[in-house]
Amino acid sequence: MINNFYESHIVPDPSRPFIYHRWTISNGCPLHWHENIELLYFRSSGTAMRDRQIYYAEPNDIVIFSSNSLHEVTINDSTRYDCLIIDSKFCVENNIDISSLDFDCLVRDETAAEHFCSVIDAIEQYDQPNPDRFAAAATKSEILSLMVYLCRNYSHPDDRTKERSDTVRRAIGYINSHISKPMTIDEIAAYVRVSKYYFCREFRRETGYTVVRYINNLRCREAERMLKQGGITVSETARLCGYDNLSYFTRTFKSVIGKTPSELRKG
C-alpha cells in the first residue's frame, strides 16, 4: 500500500507511548505529516526534507520532524536509520507541549546521540520475552530524558502557520487514493475547486515538488516495491501504478529510480 499524506498513529498501550522502527531500503518514507514528534537516528548518511528544506544527515546525527511538519526521507541502497515516534499525549502528560514547539531539524550532538541510543537499548530490553517489571518505566524514563534534552537545547516557540494548506492536503489525499489511475492536473485542481495556476503554485510552495514530479515519484516508488516482490510483469506493474504508456513509464522510472524496470528486476 502507498502511504497516505496524513499518517494516523494509534498507541493503544499507555505503557508503550511510542512507535519504534529500524528502517532499511525496503521501507520508504514518502511525504506525509502527523501530530506526533518523530526522531530519526541515522546509522549512515541520508537525506531528509522538512517543510521544503533539505537536510543532509551523517552517521550519529538526529533528524527531528516537529509536530505537523511535512516531511520525508530519501531512501537509497545504503540508508539506515532508527525511527522513534513519541505519543503527543505522553509528552503533554509530562509538561512538554510539542504542538507549541518547533525543533531544529538536524541535531549533530554526541550527548543527544547517546540519549537516543539509551532509548533504543531500553526498548530492546523491554521487547525481550520476559522483561523485568520495571522495563516499561525504564523505557519511558529514557524517552523523557531524551525529550527534555532536545527541548532545552534544540527547541523554540513555534511560529509556523499551524494549518497546512487545506488545498494541498486534499489534493495529495486525492492523488494517493487515485494513484493507480491516470490523472491530470486539471482534474486534481477541479477536485479541490481552485484554478490550475493557483493549485500548481500552492502545491510547489507547500511541498517543494511540482505536481507531476510528486505523482511520478510516488508511482515509481510503488512500482519499485512491486518489481522487487516479483510475480507480475513490467507492463502490468506500469498499469497498476497508473501508467498506460509503457515507454513513458520506463523513461520516468529510470529518471526517478536510476535504473529501468528491467534492469532493476535483473539486479
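How many bridges join strand 2 to strand 7? Strand 2 is joined to strand 7 (residues 71-74) by 2 bridges, and the two run antiparallel. This is a predicted model, in which local features need pLDDT of at least 70, side-chain atom pairs count only at pLDDT 80 or more, and totals for chains, interfaces and linings use all residues. Residues are numbered from 1 along each chain as its sequence is written, and side-chain values use heavy atoms, with hydrogens and water left out.

**View 1. The open sheet has 4 strands in the order 2-7-4-5, with antiparallel pairing.** Strands (E, at least two residues) and helices (H or I, at least four) are DSSP runs numbered from the N terminus; strands pair if DSSP finds at least two bridges between them. Strand 2 (29-32) and strand 5 (53-57) are at the edges, each with a single partner strand, so one side of each lacks a neighbour in the sheet. C29 stands opposite V73 in strand 7.

**View 2. Helix 7 packs on the sheet, touching strand 2 and strand 7 (contact: heavy atoms within 4.5 Å).** The direction of helix 7 makes about 145° with that of strand 2 (axes are lines fitted to C-alpha atoms, for helices over the stretch in contact; angles run from 0 to 180 degrees between N-to-C directions). G230, with a positive phi near 80°, follows helix 7.

**View 3. Residues of the second largest pocket include V212, I215, N216 and R219.** A pocket is an open set of points on a 1 Å grid over the protein atoms alone, where a 1.4 Å probe fits, with protein on both sides within 12 Å along at least five of seven lines; lining residues have an atom within 4 Å of a point. Helix 7 gives the most to this lining, with 4 residues.
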